[in-house]
Every structure is written in structure tokens, then in C-alpha cells.
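The following note sets out numbered points for a colleague who has the coordinates open. Please read each point beside the model.

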Amino acid sequence: TEIYTLSLHDALPICYVQHMSLGIQREILRNTVVEMSYVGTRGVKLFMQEDINQQHIYGDFLTSFQQLQAFQASGTAVPATNTLVKIFGTPAAAISALGATNFSQGLAYTAATTLDRSNNAKYAAAGVSNFYLRNFPQYNTVLLGTNDGRSYYDSMQLSIHRQVGALSGFLNYTWSKSMDNISVDANGFTAPIDNNNLRLNRARGDTDIPQAINWAVTYTLPIGKGHRFGNGWNHYLDTAFGGWNLGSLGVIQSGHPMTLTSGRATGPYSANSWANYSGDRNIGGTVEQGNGVFFFTPAELATLTGSSTPSLYPVAGSVGTAGRNTFRGPRYTNFDMSLVKTFKVTERTAFNFRMEGYNVFNHPNFNNPGTFSASGTSTTNGKITSDIAPRIFQIAARFDF
């Protein structure tokens, strides 16, 4: 039997975004303006895909699976009514056919997939319906386009603008929270932890940045005609040495969210379940070790690894307690500078010269760890494998006419 993926898109009500803002602005000093605002958005009826062919592991299958787990662990007798025993003949045969590791690690989804994909021909002889685990057993997945996506954003934004002669600049601070039940907008299928219970996915969005500071400053150097130095220069000297502008742009912000998974498909769907974790989520910081850069100290990693803490692994049928996006990765810091000069050639033409430096202090900025799982090994778990925004200098020239 060939198994396909079927995608269905019905006519959905158009999604919409509600935008709310309220601000107050005041000049506190001459040429100095302070503004404080509340800004919020609500994404309603956003497009997302759901797999309506998710396996029914809860109920009879999970009960049968757990009975076989008890048999494997301690030889507990399995009732004759056990559906998996009906299909395979004996408890030992069922465990062998569906994978002993699946039972010892509680991989309910993996075992259900093996049963439904490779052993469904045995259903009829055991008196089991073809629809035992799936609504549409002829398909692998049935992706239905729905408008169940939701997003929420609330922020307090504070800004200061000041201009004094040749110097102008602004400083912004944003304190915010972004939540959603999926962070992918129709760009491929991202499996929720449970297609039949989307509320479990409601958490901080992938782009949630709770605190951010950014600033920009420009300064026209006091050199050339009309300035303190070089006011008496002739046209050629002024063209060559006057009119330079110095600029600076900077950003400091929180890191992106990340999820501690168990590395095991113990829940109802293919996505690895979350780990069972109730400790401090505000841990972590870049740590250089002999084999690379990690986001956690060895002691912190020990509390996040199932080999040291087996209770981190959820039991069969559970999705774990750690939750989605409850940890936060490395913060981001960047400082850019520019030096710009415009050379007038004629009244209508000019030559523009720019020198730009990005991340001029070469501050190390890292992406989230490549592997962050309770089942990760000591050499890869929490290890940072890529960085962001290395230091770059560039020179550009442009002729305007």
C-alpha cells in the first residue's frame, strides 16, 4: 500500500490583525523630546496547517502499550483483551514487532507508526478496524489549512530624541512580550505538539524579544565652510576636507526563545515531546570549553540531561512539562559606525563616499545551541555551532547625477 500526504485548503475567513497604540509625547528640554507608548497587536484567524490524520494513541492503544511496558519491565501478566496481543499473538511477539526500545523508552508515537505503517495487514485477522489509529489510513498525513493561528504582542516603548546643532540622535527602549500558537505563517508545515490540542502550543513566539535597546547618533564634523574650522577655505579645500558626517548605530537585545525537548516521541505526534522540567528557566550564558562554545555550564547541563536525571523523560502518552520556548538563548549586541562625505562636482552632480564598520568592536554574537535536548550527548548538548554578524568593514562610492 502506498502512503501519501494529502493537503486540503478550504475557503477560510480572511485573517486580520488588530493594532492598538496609545502614546504621550513631551518636550522636557529644548530640542529634547521624550515619548512613551503602549503598542499591541492581535493576529486573529491566522492561516496554519493541522494534520487531521494524527494517530489516536490515547485510549485503547495507550492502555495496551502500557500493559506491554509492564510486561517488559517486570513480567506483569497481560490481559487477553490487549489489542496488540490480539494482533501479534503474544506479548513477546508484539514487543519484538514494534521494537523493544520503543517500549523501554515510552515511544508511543513511534510504536504506533510502526504498527500502522508496517503491520496494518494483520488488523483484519485480529478483528481490528482499519481506522484503529487513523481517520484516513490510506494517507500518511492529511494537512488541512485552517484559520486557527493566533498571535499576541504587547509592548511598552520609550524613546528620547535630541538635536543640538550638528549632533542629533535617539535612544529607544522596548519592553515587550510576543505569544502565539505557531510561529510559521504558511511557509511549510511545522508540527504542533498535538494537532488535537493546539492550546498546548500557546507560548512565547519564536521571535519574542522581551527587552531591546537601540540607538542612532549622527554628527557633522565642524570642518569646512560655515563651520568652526576651515570657514575660510576655498572651494577645493572645502570639497576635499569639509562636510564629513560621523554616524553610529547600536543594538542590545535579549536572546531568542528555545525549547528543551526530550528527544523522544512519547506524545501523540511526530514532534519530540518536551522534557519534564520544573527548574529555573533563566539559566545559561556562553561558556568556552576545550571542545567549543556552550550555552550552559557543565553543572547546568547535568540538570538538563536525561542520562544524569532520568526523570526528564516523559512517560508514554505525555508531552512533557518543560513547555514550548521557555528557555532563552544568547543575547545580541551590535555597534556599527559610518563616515560619510559628499563631494560636490557640479551643481547637479556629486560623488558620495562612505566608510562603514559593522560590529566594530567584534562582539561575539551567537545563535541558539544547535542541539538542546535531554537526550543530547555531553559533546553536543547545548553546544553553539554558529554565530551572527561578524565584524565587517567596507568602503563604498556612488556618483549622483
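How many bridges join β10 to strand β11? The first point gives the answer after a word on the source.

The model is predicted, so local features are reported at pLDDT of at least 70 and side-chain atom pairs at pLDDT 80 or more, while totals for chains, interfaces and linings use all residues. Residues are numbered from 1 along each chain as its sequence is written, and side-chain values use heavy atoms, with hydrogens and water left out.

1. Three bridges join β10 to strand β11 (residues 292–294), and the two run antiparallel. Strands are DSSP runs of E with at least two residues, numbered from the N terminus, and two strands pair if DSSP finds at least two bridges between them. Within this pairing, E288 has V293 of β11 as its bridge partner. The open sheet has three strands in the order β10-β11-β16, with antiparallel pairing. β10 and β16 (383–384) are the edge strands, each with a single partner, so one side of each has no neighbour in the sheet.

2. β10 (287–289) also contributes to the largest pocket: β10, β12 (327–328) and β15 (365–366) each supply at least two residues of its lining. The volume of this pocket is about 520 Å³. A pocket here is an open set of points on a 1 Å grid over the protein atoms alone, where a 1.4 Å probe fits, with protein on both sides within 12 Å along at least five of seven lines; lining residues have an atom within 4 Å of a point. Grid points are joined across faces, edges and corners, and the volume is the space filled by probe spheres set on them.

3. Of the 24 lining residues, G285, F295, G329, P330 and R331 are the closest to the centre of the largest pocket. The lining comprises eight nonpolar, eleven polar and five charged residues. In this count Ala, Val, Leu, Ile, Met, Phe, Trp, Tyr, Cys and Pro are nonpolar, Asp, Glu, Lys and Arg are charged, and the others, Gly among them, are polar.

4. F295 belongs to one aromatic cluster with Y277, F296, F327 and F372. The structure holds 14 aromatic pairs, where rings of Phe, Tyr and Trp (its six-membered ring) pair if their centres lie within 6.5 Å; planes under 30 degrees apart are stacked, over 60 edge-to-face and the rest tilted. W215 and F335 make a tilted pair, 6.2 Å centre to centre with 45 degrees between the planes. W215 is in strand β7 (residues 211–220) and F335 in strand β13 (residues 332–344), so this pair ties together parts 120 residues apart in sequence.

5. Strand β8 (residues 244–253) pairs with both of these strands: nine bridges join β7 to β8 in antiparallel fashion, and ten antiparallel bridges connect β8 with β13. L249 of β8 stands opposite A216 and also opposite D336 in β13.

6. Strand β2 (residues 16–29) runs antiparallel to β3, joined by 13 bridges, and I24 has M36 of β3 as its bridge partner. In their hairpin, with two residues between the strands, N31 takes a positive phi near 65 degrees. β3 pairs in turn with β4, antiparallel, over 17 bridges.

7. Seven salt bridges are present, each a side-chain nitrogen of Lys or Arg within 4 Å of a carboxyl oxygen of Asp or Glu. One of them joins R42 and D154 at 3.2 Å, N to O. R42 lies in β3 (residues 32–51) and D154 in β4 (residues 139–164), so the pair links parts 112 residues apart in sequence.

How values were computed. Helix = DSSP H or I, 4+ residues; strand = E, 2+ residues; numbered from the N terminus.
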